[in-house]
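Here is a short briefing on a sheet, some aromatic rings and a few charges. Look over the structure, then read on.

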Amino acid sequence: MAFLPRFETLTEIYDHAIKSFGHRELFGTKRGGSWQWTSYAEFGKQVEAFRGGLASLGVGKGDVVAIISNNRVEWAVAAYAVYGLGAAYVPMYEAQNAKEWEFIAKDCDAKVLICATDEIVAKAIPFLDSIKSLKSIISLAGTNGTNGGDKRVTTYDALCKSGKTAPAIKLKKEDVAGLIYTSGTTGNPKGVILTHANLAMNVSAVHEVFPIEQADRSLSFLPWAHSFGQTCELHAIFSMGGSMGIAESVEKIIDNLAEVKPTLLFSVPRIFNKIYAGVQKTIASKPKPIQEMVKLALKYTAKEREGKRLEVAELAVLQLTDKLVFSKVRARFGGRLKYAFSGGAAISRDVAEFIDSLGIVVYEGYGLTETSPIATANCPGERRIGSVGRAIPGVRIEIEPLSGAEKKAPVNGAVTARARVEGEIVIYGHNVMKGYHRRDEENAAVFTKDGGFKTGDMGTLDPHGYLYITGRIKEQYKLENGKYVVPTPLEEAIKLSPFVLNVMVYGDNRPFNVALVVANMDAVKDWASKNGAVAAGGSGDALLQSDAVRALFKKELESNSKAFKGFESVADFALISEDFTTANDMLTPSLKLKRREVMKVHAKTLDELYVKKASAKKQASATA
């Protein structure tokens, strides 16, 4: 059946939502210790007021408005005000550095730049002279006291109260809605040009596979500057009459979950991993009988997932475990959480199954900024844990073999049994971007002759059309013995250890893999104190170099690597205490690892692991 999208532009979504859900709560913000909610109707009035303010600055069809801000009501107001003027919206992260802000604002020819804080305004004012297209800066902080008297700087409040009006214009589906800049793990960010059809039709597809109800609510902490948060949460929930509480910070997520009581959770695996580790730690502190009961309950929920019928005694164990343990865990998340949506990277099967066993159904999907972003998704009645689901309505997935193997094409929405071949994932459909901004060579490299987008990701399709991600082509490397290694799945498995904050596996053109492991110092100190290995509170470096702690990590790495082949496993490792973060430029704002930046800092440490191993081997040969 042909896909008939409900919406073709984001302004159609806006008109529908404001007219249909005016009295309902839309955005929640915590102020003065309590949550205050903005209704759809109030939001609409703010959009109209700010649209008029932007128009008074000369913003019109074809212009670009950029913003540097975390999630907040004004972020969404500005987005829909910009869309209504026929301009393009370009979001950036507060966590990015000023050089990246300047690069993006210049690359996209921003006419107006919206800044969340006085500090950001102060760093952005020089852009007014260095970026030819930039005419105005808008502060969301309510003050322009840092502008040094520059009349090109104004405030959000002033524009909203200006009394200026500007009607929304009629848009075409091919009009550009915005540019989302990719993370830049290997160089400067690339501007992904997304049309109104790309985003609105992606939302329309969500309507078909996962109808969100008006009573549904999320806790919003996934950045709307990221395509997953923007499309799947902001635009999709807005289009269906749901509501969003805006988290105070990543550190306050658990507290905010209990307060907002969401039914939906949109997140990336890193957050789910933290939830998994925290719950596991709590269970480990319980008496042995409780721990054994939980193990049995997890076994029985796994049996249920396989479609097998449980015995009466097994059902009784599940009910008791839910009453004593699982319901209390859900209560920490507000007690209403029904569904969790994971995207941005592959979630560990162990983590997904564990959260699922708690009574929170996990739906994993797949896509990229370049695909608006959803390409595939698990959905009610069509879910396979471990897969990222099937193609959403209006989208087609093909696998392009990496090495001369015969290409297996989809057959009537499914694929043949022969089609389980690994290769590059190629995506076709309404979600595929218009292209990269001013990157002709890169556009030529990623588009097929018939309009498909070559993702750079590796995967397989099963006979029923479910997609399984196996790695990233650019991250794949070859060991000296000719074996290929994709490090990301192994890294995600290692990070399930409560003692590991982060990890990078390395072995390009080397005889074996090694790992740089960021230790969870609080967990390590606690373990050392309880086990009498090292005095509690010992210095980080001394603690990590102790034989007892290294033996602990060796055991953790081996335990979490059991599912991998021998050549894929880690032969040696180095422990460090400083995490990979956006602040030290080792993580992108969307929390992807910048391997090149990690290598700049830690190359010597990794090299020494190979020298040590070679020396030990030479010594062993000499004494043999």
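A residue is buried under 20% relative accessible area, exposed over 50% and partly exposed in between (1.4 Å probe, protein chains only). This is a predicted model: local features need pLDDT of at least 70, side-chain atom pairs count only at pLDDT 80 or more, and totals for chains, interfaces and linings use all residues. Residues are numbered from 1 along each chain as its sequence is written, and side-chain values use heavy atoms, leaving out hydrogens and water.

**Aromatic rings**
- Rings of Phe, Tyr and Trp (its six-membered ring) pair if their centres lie within 6.5 Å; planes under 30 degrees apart are stacked, over 60 edge-to-face, the rest tilted.
- By this rule there are 26 aromatic pairs.
- The ring centres of Phe210 and Phe341 are 4.9 Å apart and the planes stand at 80°, so this pair is edge-to-face.
- Phe210 is buried at 7% relative accessibility, and Phe341 is buried at 12%.
- One aromatic cluster includes Tyr14, Trp75 and Phe238.

**An open sheet**
- Strands are DSSP runs (E, at least two residues), numbered from the N terminus.
- Two strands pair if DSSP finds at least two bridges between them.
- The open sheet has 4 strands in the order E17-E20-E22-E23, with antiparallel pairing.
- Strands E17 (395-401) and E23 (467-472) are at the edges, each with a single partner strand, so one side of each lacks a neighbour in the sheet.
- E17 pairs with E20 (residues 423-429) over 7 bridges.
- Ile397 has Ile427 in E20 as its bridge partner.

**Charges over rings**
- A charge sits over a ring if NZ of Lys or CZ of Arg is within 6 Å of the ring centre and within 35 degrees of the ring normal.
- Arg396 has its charged end over the ring of Tyr428, 4.0 Å from the centre.
- Arg383 lies over the face of Tyr363, 5.8 Å from the ring centre.
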